[in-house]
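Welcome! Please open the structure in your viewer, and we will walk through it one selection at a time.

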Amino acid sequence: MRIATDVGGTFTDLVGYELDGGGRISRLVTHKVDSTPPAFERGVLEATRTVDARAVRFFAHGSTVVINALLSRQGAKTALVTTRGFRDVLEIARGNRPDLFNFAFRKPRPFVPRHLRREIDERTDADGQVIRAPALEGLREIVDDFREEGVEAIAVCLLHAYANDANERAVGAELRRRWPEVSIALSSDICREWREYERTSTTVLSAFVQPVTSRYLDSLASGLRRQGVSVTPFMLQSNGGATTVAAAARNPVSMVESGPASGVLGAIELGSALGERNLATIDIGGTTAKCALVPGLEPRVTTDYFIEKTATEPGYPIKTPVVEIVEIGSGGGSVAALDAGGKLRVGPESAGAVPGPAVYGRGGDRPTTTDAHILTGRIDASNLLGGRIAGDVERARRVFAPLAKTLGVTVGALAAGVLRIANADMATALKLVSIDKGYDPRDFTLVAFGGGGALHAVALGEALRFRKVIVPRNPAVFSAWGMLVTDLRRDFVQTRITPVDDANAPLLAAAFADLERDALDEVGRDSPDVALTCSRHADLRYRGQEHTVKVPFPKDTGAALAGFHEAHERAYSFRLDQAVELVNLHVTVRGALGGAHHPAIAANGSSVEGARTGTRRVDFDDDGHGEAAIYRRAKLPPGAEIAGPAILEEDASTCVLPPGRLARVDDYGHLHLTLAPGTES
Amino acid sequence: MSADAFTKEVIHRALGAVGEEIFAALKRTSMSPIIYETLDCAVGITDARGEVLSQGNGVITFLGTLDAAVRSTLDKFGGDIEPGDLFITNDPYEGGGTHLSDVTLVLPVFHEERLVAFVASKAHWTEVGGMAPGSFTTDSTEVYQEGLQFPLVKLMERGAVNQALIELIRANVRLPDQTLGDLWAGVAANRVGEARVLELFGRYGAATMRDAMDSLLDYGERMVLAELKRLPKGTFTASDSIGGDGLGGGPYHVEAAVTIEDDRFTIDFTGTDPQAAGSINTTRTGMESRARGIFRAITAPHLATNGGMFRPLRILAPDGTLFTARRPAPTSTYWESGGFVIDLVWKALAPHVPDRLPAGSFLSVCATILKSEDPDSGGLSLLVEPLAGGWGAGCGKDGESGQFCPGNGDTYNIPVEVTERRHRVLVRRYGFHTEDGGAGRYRGGKGVVLDYEIDSENAWLTAIFGRNRFPCWGLEGGQDGSPNRIEIHRKGGRIEHHGSVTRLPVARGDVVRLITGTGGGFGDPQERPRTLVAEDLRNGYITERQAREHYGWS
């Protein structure tokens, strides 16, 4: 059997399936346990205890261990060695103040204090020429001091090491010779892009989490072995692909967003099975909604990633390949409240799982999005958390009443208004990944999942005029499902500023070939049994501009340039008749790990009528107020068609179908929602 | 609140998102690093009367410029504003102008043949011609030397580009591709804004939009009034000195009196010296923009920009002063006096609003232009950048080190690895210094040293570092900060000291050392906890001598 475990801050999920003799999925299993911070591996091992360890043929694992160590500052005591004259680069950062009008602004504190940031004499220039070899004797005193300070990890980041890592390697070797036990991270192993602050930050954060990640991976691997699991786990990375435990331990920041990307993977598998090539995804949970765009079933992978960055905080850059995901603070637990000027806001404050929405009856006393769904009749109070709790509708009404009174509207109107605002916020996030990137949603299918995806699916689909909306089967565990269908993937990005023209074509071809060879060597060493393929992308720009566009880089330079001009025009609305420059080479290595498709569902003599459980009054806001038919989604046979007004219920998810819309169940049990014609954004 | 109020709410959000979107579009398509790295630009939407509904800012100093440009457009063209028109202006003295480098584009938006809104953008173009490469200079004496003037004219008329104007620009600037690239980036950003505004009108109709827009402005006013009620009432004053105008004039006296009432916030700059001969003059809209910036920092730092929030603000200043210069006064380094518009109000109120206003910062943009020869083509290469420095300590916090000045904002430094790739310099050092200044119970943030070793023939440096003679102020017994200054270390060993330089020749092997000030301290340094003094020593933020002499360390 194949299993995947996804460790979140609150819960650890296990999803798995068994295959029959014909290679089709014969049984799906899901299991949820509490997460066990800080020893997250205990929760995983508890979850895996529920399956037959010896039957496990594939084990994929997504973990928040890296992001947790970073956000809670529970990592190694880290030091930095850098070029003479530049130890303050980490603290100056970029000097920016996104919180423009806040003159009491506090910039983020560096992960390494100044006395542990040490300099050595050495220098490489922008062309990669070594001007001065490192004065390695200076490391003696530095290592002595670091030992005395109890340093556990050393980051090394030297100027222009992306262009030539010779000095950095020499420093790394000397550090290793002088202090074999300490954990060392060289920038050239972690990030080969220019911009010294970003690269230093990436290396430092990687060094900071390296020891804790290694301990976690060791302890997980040995625990699994003790349980009898014979395969080595694959780790989910932020780029949406899996990697081996060994590779993950060497470059732990590659796992910084190991969970969120997996929903995108699930959507890609779904899209390829259904022949849907252009997808947008929205994953609505309790606290946040996450959006991504997957044009041509290719996730957008960039290295523009930060932790703790907000509209007012610069955060910390980590230049590691990450699937581009926009996350906003709006989910089921988001709290509705008025600000000082009387403006109604929904989120980002969340009632979380505890106390949760008022309707949970666990002490929640503020109006939330989930309560609004209850009060509009869209969610049935008896279907909360899979029916595990009996919802307290009266409590939800009481909690809404004071706010409704202040605004001079009925509780019902307020509930519909709260949902309209939540939809507007989520639509804005979807717009950021689609329209703002130059894509037309009418060319895309929206895949809506997470516990709340199906509630907002139609409204969001129509707000942006998506072609249609799909709510996958088991939407609440769709992310974990994505891990089961992941492939091996590693991304290698290297800065190499070169004009893109015929004269430089051989140079560029050679540079790509070199990078591919190194990449295949490295991945091949870790995974000798997997057949590997390479693909090439490049970050290109017009000479003189700073910002780049990532485009496929075929061997034919003319085709690469044509692709760039087109992509630039899509993203920025114009193209220039001007020289084009390559900034970064980007090679992706992939290897198939044999995931299976979603199994088809059987009719089992079920019928639309048999799935119908009754009717209730539902407020569909602009689409009116009236009796809607209620269905048990799991009982709907393949091919079933439902016309709105209707509500389709299942464990931990509810699909809202306003009047005039159609839902069709496909052979795999996914719901295809047809939106109202002529919908305007 | 009627049910319809939820629709208004959704429209408010959409308008805010449009401001962000066009700001992103502008910064990502611009050709000039000063736009895309320094974010010396702003974009916004106004209603048909010129009231700002939504604005994206990279710096705080353009808050009053977009609406002023729209109102000037209405005044000048009135009924002659047609669909497909696009207006351009950089007039410093009216129309929201600041200096010639900042160019504003105004696009009227028509819905069902009625003028319903404007989209405006303003950005600092690296080159607009004039007497010196990079256009802003410290030795101009008249606006005519500072570049090409666009006196609010139509760049496009009913959709047709005024080709004559384009040719004129091409002929008058040194880097025409870059300048015109910035022009088209601005046009593209305005067009994105127009499309989004029209989508909203198409969906909700003009009447609902009008309602929503008005209610947004009222909301801004309400939020600020609520905050005003919490501020201390009375009149608060401050004065200061500007060291010089780049031509040997000065020092200049500047002052402000701030009066806070329940429903009004008045800033009076009467008493400030007359305009200078050199280019440090601010014009009225430049001053008003900065006054709005500090007003907002005090009353509503986290509220999205809209015109309603400035209704309680009243600004008084006679014409012809350093803050209200008249034609043809030079204004190309206007930010040097403009910084004092912010700093005076700040200084007057800091003792009374300590949670929002720390001690004085290094204040100056510390703008530099380093001209060298392009490493690839041998042509002109201009490194134009502001520098980061130290901010003042506040009540309960040390100052921030290595941040851009208050007038800047989401401004990014240029990475050393990028600088060395593009320009013929080798960066020898980029880090904090330990010059005296800023000691206190809470310590001022550290200033920065940046060393450029020149590796080019025919290189020169233009730079203007304010607060060179008069460092920033401490609070409650904290020390004043350290000065911003320039050193040239000649290859032969001679060291020159400057506060500003104009096209100063520098030779291969010379080192240009740029030093920004440490921020002012807060409270008596003797009261700084000993553990923190020890920590500062260990981290090298202070020297042993400073620990003894300033902090009484033994």
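To begin, are α1(A) and α7(A) roughly parallel or roughly antiparallel to each other? Before the answer, a word on what you have open: this is a predicted model, in which local features need pLDDT of at least 70 and side-chain atom pairs count only at pLDDT 80 or more, while totals for chains, interfaces and linings use all residues. Residues are numbered from 1 along each chain as its sequence is written, and chains are lettered from A and ligands numbered from 1 in the order in which they are written.

**Stop 1: two helices in chain A**

Select residues 40-48 of chain A, helix α1, and residues 196-227 of chain A, helix α7. Helices here are DSSP runs (H or I, at least four residues) and strands are runs of E (at least two), numbered from the N terminus. The two axes come within 9 Å and cross at roughly 20°; axes are lines fitted to C-alpha atoms, for helices over the stretch in contact, and angles run from 0 to 180 degrees between N-to-C directions. α1(A) and α7(A) are therefore roughly parallel to each other (angles under 35 degrees count as roughly parallel, over 145 as roughly antiparallel, 65 to 115 as roughly perpendicular and the rest as oblique).

Now show the side chains. From α1(A), the contact uses Phe40(A), Glu41(A), Val44(A), Leu45(A) and Thr48(A). Facing them from α7(A) are residues including Tyr216(A), Leu220(A) and Leu224(A). Contact means that the C-beta atoms, placed from the backbone, lie within 7 Å. The residues of this contact divide into 6 nonpolar, 4 polar and 1 charged; Ala, Val, Leu, Ile, Met, Phe, Trp, Tyr, Cys and Pro count as nonpolar, Asp, Glu, Lys and Arg as charged, and the others, Gly among them, as polar.

**Stop 2: where the chains meet**

Colour by chain next. Chain A brings 57 residues to the contact and chain B brings 66. On the chain A side, the elements giving two or more residues are α3 (89-92), α7 and α12 (411-433). Which of them gives the most? α12(A) does, with 7 residues.

Among the residues in contact are Arg420(A), Ile421(A) and Asp425(A) of α12(A), with Phe6(B), Glu9(B) and Arg13(B) of α1(B). By type, the residues of this contact divide into 5 nonpolar, 2 polar and 4 charged.

**Stop 3: two sheets in chain B**

Switch to a cartoon view of chain B. An open sheet of 5 strands runs in the order β14-β15-β20-β17-β18, with antiparallel pairing (strands pair if DSSP finds at least two bridges between them). Its edge strands are β14 (425-432) and β18 (495-498). Select β14(B) with β15(B), residues 448-454: 7 bridges join them. Within this pair, Gly431(B) has Val449(B) as its bridge partner.

The other sheet has 7 strands in the order β2-β1-β5-β4-β3-β6-β7, also antiparallel. β2 (52-57) and β7 (160-161) stand at the edges with a single partner strand each, so one side of each is left without a neighbour in the sheet. Finish on β3(B), residues 86-89, and β4(B), residues 102-111, which pair over 3 bridges; there, Ile88(B) is partnered with Leu105(B).

How values were computed
Two residues are in contact if their C-beta atoms, placed from the backbone, lie within 7 Å.
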